[in-house]
Amino acid sequence: MVRCDVAEKRLLRLRATPALIAERMQLTRLFMIAMSLCVGCSALSHKDAPPPPLHKISEIRYVMGTLLEVTIFAPSKQEGREILNETFKVGEHLDNVLSTWKPESPVSRFNRDRSITLRPVDPDLYALVDQARQLAEKTDNAFTIGVRPLVEMWESAARTGIMPSPSAVARVKNLITPSKILSSPPSNLGKGAPGVRIETGGIGKGYAVDAMRAYLTSRGIEHAFINLGRSSIAAIGAPPGASGWKIELALTDTSSEGTIELRDETLSVSRAKGTPFVVNGVQYAHIFDPRTGTPVSTSRGAAIRGRSATEGEAFVKYLVIRGAPPAHVAATWGDVDWIVRHAERVERTKGFEHRN
């Protein structure tokens, strides 16, 4: 207990005069204002401070029969490495699902099954086939995922040197129409005839690139570049401090369309003579025209830039097979740009104006 005498109590009362109290309250208000300004300055300083540096992580692996390169910028090397590994797992999983070169892949099992009964398949295979059927309509059937019997017929011709007969071509053309692939939700596929088979090589890479891009976005990655075999490419944002991801576009071995920049978009590239084969002295491309039942013999190169690598793979096949699209076909493609080169003739939309 604190004790004080009468003099001390009188001194305390003298100090607590109204004028003194008012002065102290004014000082308190000024102090509080100063503190709030300091806090505001601190917050503003923190807000305007540059973000922490991002770490560039890049790797190349063999996926889907070609090289897959993925580059990302992440907040830390450890987190970036984990995200990069998971991204490759997405691509590797789809390789195992969609590869016709793997005997036990879901697509290979579907192709071997001669039953016409609807059966459950891998959800990714079902989703790809479902999307491919819609893209067949948008390409006037220049692209069809059921083209596998046509591929096998001409692969046999390349091995034996014997051209397919007109009747054999007619039989195969009847098998590859989109209506011959039956589907039922949630993930059941069937066949309209026992010989129906699926070829994913013309669209599977695009589907994988879209899936990897979706995964990176879900992990908060804002700067990334996916390059699968130089034919299916996706850009997320741009490299820090840059306006876009730069890529040199070449549609033939002897020409260059210059440097283009990609930002939050995809690029699909195809060449009619990329991997040629010869039958009776005639060189063909591994791209087939369902309308004629023959492989492409003209040397075209084409590219599509848009928002979906899966769609781009289908649309670019149209360009390689038939050339520039008429207005009624291009109108179904949505907001995309395209370029197609045939020898020295180049046709392009505004998004492919020559830039270096």
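Visitor: Which residues make the nonpolar surface patch of about 360 Å²?
Guide: Keep in mind that this is a predicted model. The patch is made by Ile60, Tyr62 and Leu67. Tyr62 sits in strand S1, residues 55-63.

Visitor: Why is Tyr62 called exposed?
Guide: The cut-off for exposed is over 50% relative accessible area. Tyr62 comes in at 62%, so it counts as exposed.

Visitor: How do you know that the length of helix H5 agrees with its residue count?
Guide: H5 runs over residues 123-138, which is 16 residues, and at 1.5 Å a residue it should span 22 Å. Its end C-alpha atoms are 23 Å apart, so the two agree.

Visitor: What caps the N-terminal end of H5, and what follows the helix?
Guide: Asp122 is the cap, with a side-chain oxygen 2.8 Å from the backbone nitrogen of Asp124. After H5 comes Asp140, with a positive phi near 55°.

Visitor: Which residues of H5 are buried, and what covers them?
Guide: Among the buried ones are Leu125, Leu128 and Val129. The cover for the buried residues of H5 includes helix H3 (77-98), helix H8 (204-218) and helix H9 (309-322).

Visitor: Why is Glu257 called buried?
Guide: Buried means under 20% relative accessible area. Glu257 has 4%, so it is buried. Glu257 lies in the loop between strand S8 (245-248) and strand S9 (259-262).

Visitor: What joins the side chains of Glu257 and Arg341?
Guide: A polar contact of 2.6 Å, against a cut-off of 3.5 Å.

Definitions and conventions. Residues numbered from 1 in each chain as written. Predicted model: local features only at pLDDT ≥ 70, side-chain atom pairs only at ≥ 80, totals over all residues. Heavy atoms only, no water. Patch = residues over 30% accessible without salt bridge, like charges linked within 9 Å, V, L, I, M, F, W, Y side chains within 5 Å. Areas by Shrake-Rupley, 256 points an atom, 1.4 Å probe, with all protein chains shown as cover. Salt bridge = Lys/Arg side-chain N within 4 Å of Asp/Glu carboxyl O. Helix = DSSP H or I, 4+ residues; strand = E, 2+ residues; numbered from the N terminus. Buried < 20%, exposed > 50% of the residue type's maximum accessible area, 1.4 Å probe, protein only. Expected span 1.5 Å × (residues − 1). Contact = heavy atoms within 4.5 Å. Polar contact = N/O pair within 3.5 Å; in protein donor to acceptor, adjacent residues only side chain to side chain.
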